[in-house]
Structure formats: C-alpha cells, structure tokens
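This report walks a new reader through one structure.

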Amino acid sequence: MDAIDFVKKNTEEIVTMDEAFKALNNNPKGYIGFEPSGNPHLGTCLLLANKINDMVNAGIKMTVLLADWHAMVNDKLNGDLNEIRKSGELFKRAWLAAGLNSNVKFVWASELVEKSDYWSLLLKVAKNASLLRIRRSLPIMGRSEEDADRDFSKYIYPLMQVTDIFYLDVDFALGGMDQRHAHMLARDIAERMNIKKPVSVHTPLLSSLKGSGRMDSFKKMSKSEPDSAIFMTDSNDDIKRKIKNAYCPMKEVNGNPVIDILKYIIFPYYNDRISIKRPESKGGPVDVDMDSLTRMYISGEIHPVDLKNAVGELLCDIIGPVREKLTGD
Ligand code: TYR
C-alpha cells in the first residue's frame, strides 16, 4: 500500500487530499489528542490504536497527546488531575497491549502548559479567533454553550486544542469526526497567522451497540452506557452477550454497529480476511474480506445470527490478550 492509502484507510474525510500528498513527502509529524477518563473500549482503544498505526505506516511520526488539562477543564473524573493521570496511564497500557506501534510518542498536556511560550502562542491564537467560532466549536468537548457560559474555562479549551496543534508543529491532526470543528478552526487561524495548516484526518465514530439513532442524534459507543460499548476488561461472556444483543438489522450494513466493528477492528486485526461459520443448510463456512462480506450480508447470504457468532468469538480472541495485560485475568 502507498503511504496515502494508509492515511486514507478507514477514514471519513481528509482535508485536504492535495495537502496530504505534499506533507507525506516532508518528514511529516502527526498527533491525536485524547482526554483520559474511564475504561478503554473498542472505539477508544482498538479503533484508535489501529488508525494511529496506519499513520505510522504512512511514515508519519505520531504523538499521542494525553490531554490531562483538557480533561480537567471538561470536568472528567470530577476534574481530579491525579485520577485523570491514572486513567491516562491505563490508556497507555491498553493501547500498547492492543498493538500500538512502539515508536509512537506520548506527551502530557501538563508538560506543554509548563512552558511559557505555550501561553504566548495561545494568546496569538485567541487574537485570531472570534467568540462565535469558539462557541461553535464546543462540540469538540461534548459541551453546549450553556455549559460554557456557566464556566468560562470551557471557552479556553478550543483555544488550547488549536494551540496544541501549532505548538507540536504537526502536519497531520488526527481525530474522530467530532473533532472537525477544532481542526477547521486551526486551519483558518493558521492561514491568518501565516503558519502551516494541519491536514485533518477524521475517523468515523463507532456507534452504540444499541444502534446509532438518526444522523442528527448520533449515539456513539460510550463509556457511560456500559451496554452500548465493549470494554477491554469485559469477560468473554460479557462480550458475547453484548454482541448477541446488539442492533444488527438483517441485510442492512449502514448504521449497523456489528458491521462497523468488523470493518474497523476485526478485519484490520486479521489482515483483511476472516472465516464465518454458517449452518450447512445455508452454505457452510465462508472465507470473506470486507467487500465480499458486505455483498453477502446485503443479499442475505450471511444471516445476522451467524455474523454475530463470528464477531463475538473473534472479538474474544482480540480482547483476551489485552484484558490479560490490563488485569492479569
Ligand atoms: N477534544 C478531544 C476529545 O474530546 C481531546 C483533545 C484534546 C484533542 C486536546 C486534541 C487536543 O489537542 O476527544
């Protein structure tokens, strides 16, 4: 695969492709920021580790910013920096156990904010941002304008996120689709400041196992709703039960969380080929890649029950070693 194909793999959008091509030729650096809190799940652990590895395979020097200060501003873990750091350490272990490339660098936000030039840069960023844009970008922290009006620090968060991008001097900013406001803001401000614009690479969000709802009320896999997500510490029984109860409409691949798990987690892990057992009467076992699976699922040749059985077992195989490293079980 070419470098650009690794960058493109399993993304929803890249802004822009031309800039991505150019940046790839120039010893590129990239980053993803992450607010540590709660238990690592399929989205925050495996999907993220896979995508960071794709970027490394494209020749990009990747940094994970453990955004402890951002998590504090966002009231995660009651804003307790010690608890947030513990969670950050847990995520670090989980990603490495899940196969994150060992060349990926980790930086804590608290290390960046110790430097005075971080804050002078933040002021320059603020000079080039309007209140309206900052208000509009609050979804990057899952917050509404009322939240920020009550607690002004929440208006500083988007400025910090943009400052992170410039301070780390990255060519590529990676994040879920929910981070696009921050990246578009960074690109506009970079233009006004006459500095490098980050190429933005956005991944889809994994939807809740219970179904994602309509587009305007998308429900993501969430640590606060245990049955919506599969955690790295779930037992094999939990994993199989959650998959068995998951929303998985027959012949429908769009908005189907079980199909998404195959695409973003299972196929990358098994080098794009898996086997699905079916009863002899339904044609017996089949070997599939993502394309053939999609086709056969839509035509009804693969039934949701057989799909779920395969996904449950394969997920147990993927999560087992991660769980063992995290909990010793
Ligand atoms: N806003 C991101 C989130 O909520 C976390 C983040 C923090 C991303 C700082 C980048 C950054 O520089 O997931």
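## Around the ligand

In this predicted model, the residues surrounding the ligand are Y31, G33, E35, L65, A67, H70, I140, Y157, Q161, D164 and Q179. The ligand takes up the space of the largest pocket. Two elements, β2 and α10 (153–167), each give two or more residues to the shell around the ligand. Helix α10 supplies the largest share of that shell, three residues.

| Residue | Protein atom | Ligand atom | Distance |
|---|---|---|---|
| I140 | backbone N or O | nitrogen | 3.1 Å |
| Q161 | side-chain N or O | nitrogen | 3.0 Å |
| D164 | side-chain N or O | oxygen | 2.5 Å |

How much of the ligand does the protein cover? On its own, the ligand has 340 Å² of accessible area, and the protein covers 88% of this.

## F34 in strand β2

F34 sits in strand β2, which spans residues 29–34. Is F34 buried or exposed? Its relative accessibility is 11%, so F34 counts as buried. Leaving aside residues up to four places away in sequence, F34 touches T44, L65, L66, A67, F91 and W95. Two of these partners, L65 and A67, are also among the residues surrounding the ligand. D68 is 34 residues from F34 in sequence, yet the two C-alpha atoms are 8.3 Å apart in space.

## K154 in helix α10

K154 belongs to helix α10. K154 has a relative accessible area of 2%, and therefore it is buried. Which residue's side chain does K154 join through a polar contact? The partner is D75, and the contact is 2.8 Å. Beyond residues up to four places away in sequence, K154 touches V73, N74, D75, L138, M141, R143, D147 and A148.

D54 lies in helix α3, residues 42–57. D54 is buried because its relative accessible area is 8%. Apart from residues up to four places away in sequence, D54 touches F6 and K9.

R295 is in helix α14, residues 290–299. R295 has a relative accessible area of 57%, so it is exposed. From C-alpha to C-alpha, R295 and A71 are 42 Å apart in space, and 224 residues separate them in sequence.

## Backbone details

T16 is in the loop between β1 (13–15) and α2 (17–24).

The others concern phi. L77 is not a glycine, but its phi is positive, about 45°. L77 is found in the loop between α4 (68–73) and α5 (81–97). With a relative accessible area of 32%, L77 is partly exposed.

D169 also has a positive phi, near 55°, and is a residue other than glycine. Where does D169 lie? D169 is in the loop between α10 and β5 (172–176). Its relative accessibility is 36%, so D169 counts as partly exposed.

Note on methods. Residues numbered from 1 in each chain as written. Predicted model: local features only at pLDDT ≥ 70, side-chain atom pairs only at ≥ 80, totals over all residues. Heavy atoms only, no water. Helix = DSSP H or I, 4+ residues; strand = E, 2+ residues; numbered from the N terminus. Buried < 20%, exposed > 50% of the residue type's maximum accessible area, 1.4 Å probe, protein only. Contact = heavy atoms within 4.5 Å. Near = heavy atom within 4 Å. Polar contact = N/O pair within 3.5 Å; in protein donor to acceptor, adjacent residues only side chain to side chain. Areas by Shrake-Rupley, 256 points an atom, 1.4 Å probe, with all protein chains shown as cover. 1 Å grid on protein atoms, 1.4 Å probe; cavity = no way out; pocket = protein on both sides within 12 Å on 5 of 7 lines; lining within 4 Å. Sits in = over half its atoms within 2 Å of the grid points.
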